[in-house]
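Here are my notes on this one, written as numbered points. Have the picture open while you read, and click on each residue as it comes up.

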Amino acid sequence: MKIDIYQVDAFTDAVFGGSTSAVCPLNSWIDDTLMQKIAAENNLTKTAFFVPIADSVYEIRWFTPTDEVALCDHAALASAYVIFNYIEIDAQKITLSTISGDLDITKEEDLLTLSFPAHMPELYTESNPIFSLSMGIEPLKVLKSKDYILIYENEDVIKNLRPNIDVLRSLDLRGVCITAKGKEQDFVYRYFAPKLEIDVDLIASSVCSQLVPYWSKVHHKNVLTADQLSQRKGNLICEIQDTYVKIKGKAALFMRGEIIIEERTVPREGKNTSHKFAIAV
């Protein structure tokens, strides 16, 4: 068995930036156990597998090194990059069918656009010392949606914060986003989700479905630029349209290769039985 594999950096215009995913196009589904083993062997935050099910429609699944997940924004962008550049070169729109619903992705030159339902965060008025304890600095305000959103004074604060991840694990929501007005961009942010075993702030564009409605009102405009100030840094263009947030980003191919998996029958010493082993070359 041979499987094509691509390693793509999403939300960046050059390799060694953004978030890295492995992408494996398939003609038909392979065994779940094998997909999980491939993801573990890749040892990246996400490995995506997809199968064509209709014209420009692909069923897609994502695996961490240990588990399958319902949705991954940067791996979706990476998968779309592979489809637009190596499978459907003339396509301008594709649909990724996920267990969380259909995700439409469009292409305009080298920009890929994902669309997420908008979630306007609400002001969180409860007194909770965990935010100052975990961050070391009291935020200007705390908002609440799918995640807690902590508003700070400026970009330098966001860059220099060193959160206490162990303290954040006790929060009831999935993660915490820290954000402020940017020096060159409309806003900057970092994101932590220790409850999902994400202790470092990788590029998380889907959190912008909460950030963009807020910053759009602050800046009084619908199109915003953003930087995620993670170690690898991500660049995004965001636009709010009615009840949706469109998130635009670029991607860069780091590596393209082939997985070769052979089944070999190996006799067990001293017995008349044998076992088959899948061997990746």
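Predicted model: local features only at pLDDT ≥ 70, side-chain atom pairs only at ≥ 80, totals over all residues.

1. You'll find Glu109 in the loop between strand 7 (101-108) and strand 8 (111-117). Its phi is near 55°, a positive value in a residue other than glycine. Most residues other than glycine have a negative phi, which is the reason I flagged this one.

2. Now hop to Asp242. This residue sits in the loop between strand 15 (234-241) and strand 16 (244-249). Phi of Asp242 is near 55°, again positive in a residue that isn't glycine. Asp242 counts as exposed, because its relative accessibility is 78%. One more for your list is His220: just after helix 6, this residue has a positive phi of about 60°.

3. Time to step back to the whole chain. There are six helices and 18 strands. The C-alpha atoms fill a box of roughly 70 × 50 × 30 Å along the principal axes. A compact globule of 281 residues would have a radius of gyration near 19 Å, and the chain's 21 Å agrees with that. Of the 281 residues, 49% count as buried. As for contacts with a separation of 6 or more, 58% of them involve residues 24 or more positions apart.

4. What about the outside and the charges? The chain exposes about 14300 Å², with carbon and sulfur atoms supplying 48% of it. There are 29 positive and 39 negative side chains, and the centres of the two sets lie 2 Å apart.

5. Have a look at helix 2 (residues 73-87) next. Its 15 residues reach 20 Å from the first C-alpha to the last, close to the 21 Å expected at 1.5 Å a residue. How many of the 15 residues of helix 2 are buried? The count is 12, so helix 2 is largely enclosed by the rest of the structure. Among the buried ones are Asp73, His74, Ala78, Tyr81, Val82 and Phe84. In an α-helix there are 3.6 residues a turn, so residues three or four places apart point the same way.

6. Val8 belongs to strand 1 (residues 2-10), and it counts as buried because its relative accessibility is 0%. What does Val8 touch, beyond residues up to four places away in sequence? The list includes Ala78, Tyr81 and Val82, plus Ser19, Thr20 and Ser21, and also Ala251, Ala252 and Leu253. Val8 and Val82 are 74 residues apart along the chain, yet their C-alpha atoms are separated by 8.2 Å.

7. Helix 6 (residues 208-219) deserves a visit too. Nine of its 12 residues are buried, so helix 6 is largely enclosed by the rest of the structure. The buried set includes Cys208, Gln210, Leu211, Pro213 and Trp215. Gln210 also turns up as a contact of Ser145, along with His119, Pro121 and Leu173, once neighbours within four places in sequence are left aside. Ser145 lies in the loop between strand 10 (141-144) and strand 11 (148-151), and is partly exposed, with a relative accessible area of 22%.

8. Leu44 shows that a loop residue can be buried: its relative accessible area is 18%, and its place is the loop between helix 1 (32-42) and strand 3 (47-54). Not counting residues up to four places away in sequence, Leu44 touches Gln7, Thr20, Ser21, Ala22, Ala39 and Pro65. Thr20 and Ser21 are contacts of Val8 as well. From Leu44 to Lys141, 97 residues along the chain, the C-alpha atoms are separated by 34 Å.

9. Last stop: Lys159, in helix 4 (residues 155-160). Lys159 counts as partly exposed, at 37% relative accessibility. Leaving aside neighbours within four places in sequence, Lys159 is in contact with Arg190 and Leu229.

Terms used. Residues numbered from 1 in each chain as written. Heavy atoms only, no water. Helix = DSSP H or I, 4+ residues; strand = E, 2+ residues; numbered from the N terminus. Buried < 20%, exposed > 50% of the residue type's maximum accessible area, 1.4 Å probe, protein only. Contact = heavy atoms within 4.5 Å. Expected span 1.5 Å × (residues − 1). Rg over C-alpha atoms; globule rule 2.2 N^0.38 Å. Areas by Shrake-Rupley, 256 points an atom, 1.4 Å probe, with all protein chains shown as cover. Lys, Arg positive; Asp, Glu negative; His and termini not counted. Charge placed at Lys NZ, Arg CZ, Asp CG, Glu CD.
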